[in-house]
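Please look through the model below before reading on.

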Amino acid sequence: MVSDLERLPVPVPPAGPGAGPAVVAAELLGWVRAELPVVGGLGEREQFLVSAWLTGLRSARTRRAYAADVVAWLGWLADRDTGVLAAGRVHVDLWAATQLGAGTAASSVRRRLSALASFYRYCAAHDLIGRVPTEGVARPVVDPDYTATVGLDRDQARALVAAADADTGVQALRTAAVIRLLLHNALRVDEACAPDIADLGEDSGHRVLRVVRKGARKAKIPLTPATVAALDAYLADRAQRAGLADWRQLTGPLLATATGGRLRQGHLWELVRRLARTAGVGAWQQLSPHSLRHSAITFALDAGASLRDVQDYAGHKDPRTTRRYDHSRGSLDRNAAYTVATYLT
């Protein structure tokens, strides 16, 4: 245990009758451990410090990523017998260098440095440290046009959908629905896992799914007829198994486990790779649910959708992000020279 952690803004006293701070501390730790089990592996006071910081982050996506980053950082420090509040800039510089030297993507190192900076600014705000150790640390430069995410071509995407439709087992209907949500609607993995059945609805003649985008932005996603059919079949099967006459009587997560719990993001990773392998995709081991999102955005641009419409479709704030997802941006078939020549003819 690091002695400096005794100076936490809300110390963790022993529980006892009328011990108000202990109740608050227990509630705080319980909430964070339930959402982010990775924090549970830390020492008691490290858990409390990290949990107190995480509760101030409003985005669940950010909490999840930053929690994993800081827990890994604390493990790195522990291997070097350095306390969390004793780390200096030299430790951060060395850590970043080892990350890059191990082949970690520059974008990932930038995000991890952002996590450390946020954490240590919190510590400084509570007078736990005199200087933020991430100040002045150079962030690795990220090529705005490069992405390491592997995508699918059109034939591979069709084969993946066919593999999903041919899946077997008790959750085969869920498989067909999941793949269409990811590939037709370019959903992020948490946008697919988070909605409840109550988030399905209708708007202006469209079947829609309400999701929460990055930055806590709410959006209504129109569902294609094929996706609607797959979802309706899956939910009807769930209702029948539950002894209900109509799937609209169901409650709980839209995509559920066999026991009715919420589908974890890890389930989607396993599913995509298993189906890609079945579909004969050579790079199946490198695929992720995010690969389907990249592919969908590329297909939309290849099919002639405007950058503005694809930006809205992807839920990107900046069109440059949408351009980065375009795996065909260097395609000679789409070169504007042909358009100019046709226009001038």
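1. The model is predicted. Please keep that in mind when reading the values that follow.

2. The second largest pocket holds about 780 Å³ of space. Its lining is made up of 30 residues, and those closest to the centre of the pocket are Ala 60, Arg 64, Asp 190, Ala 194 and Gln 265.

3. Which elements each supply at least two residues of this lining? They are helix H3 (60–79), helix H8 (189–193), strand E2 (206–212) and strand E3 (218–222). H3 gives the most, with four residues.

4. Sorted by class, the lining of the second largest pocket has 14 charged residues, 13 nonpolar residues and three polar residues.

5. Thr 82 sits in the loop between H3 and helix H4 (89–101). Is Thr 82 buried or exposed? Its relative accessible area is 16%, and buried means under 20%, so Thr 82 counts as buried.

6. The side chain of Thr 82 reaches the backbone oxygen of Arg 80 at a distance of 3.1 Å. With neighbours within four places in sequence left aside, Thr 82 is in contact with Leu 77, Ala 87 and His 91.

7. Helix H2 spans residues 44–54. Why is H2 described as largely enclosed by the rest of the structure? Because ten of its eleven residues are buried. Among the buried residues of H2 are Arg 45, Glu 46 and Gln 47, as well as Phe 48, Leu 49, Val 50 and Trp 53.

Terms used:
Residues numbered from 1 in each chain as written. Predicted model: local features only at pLDDT ≥ 70, side-chain atom pairs only at ≥ 80, totals over all residues. Heavy atoms only, no water. 1 Å grid on protein atoms, 1.4 Å probe; cavity = no way out; pocket = protein on both sides within 12 Å on 5 of 7 lines; lining within 4 Å. Points joined across faces, edges and corners; volume = space filled by probe spheres on them. Nonpolar A, V, L, I, M, F, W, Y, C, P; charged D, E, K, R; others polar. Buried < 20%, exposed > 50% of the residue type's maximum accessible area, 1.4 Å probe, protein only. Polar contact = N/O pair within 3.5 Å; in protein donor to acceptor, adjacent residues only side chain to side chain. Contact = heavy atoms within 4.5 Å.
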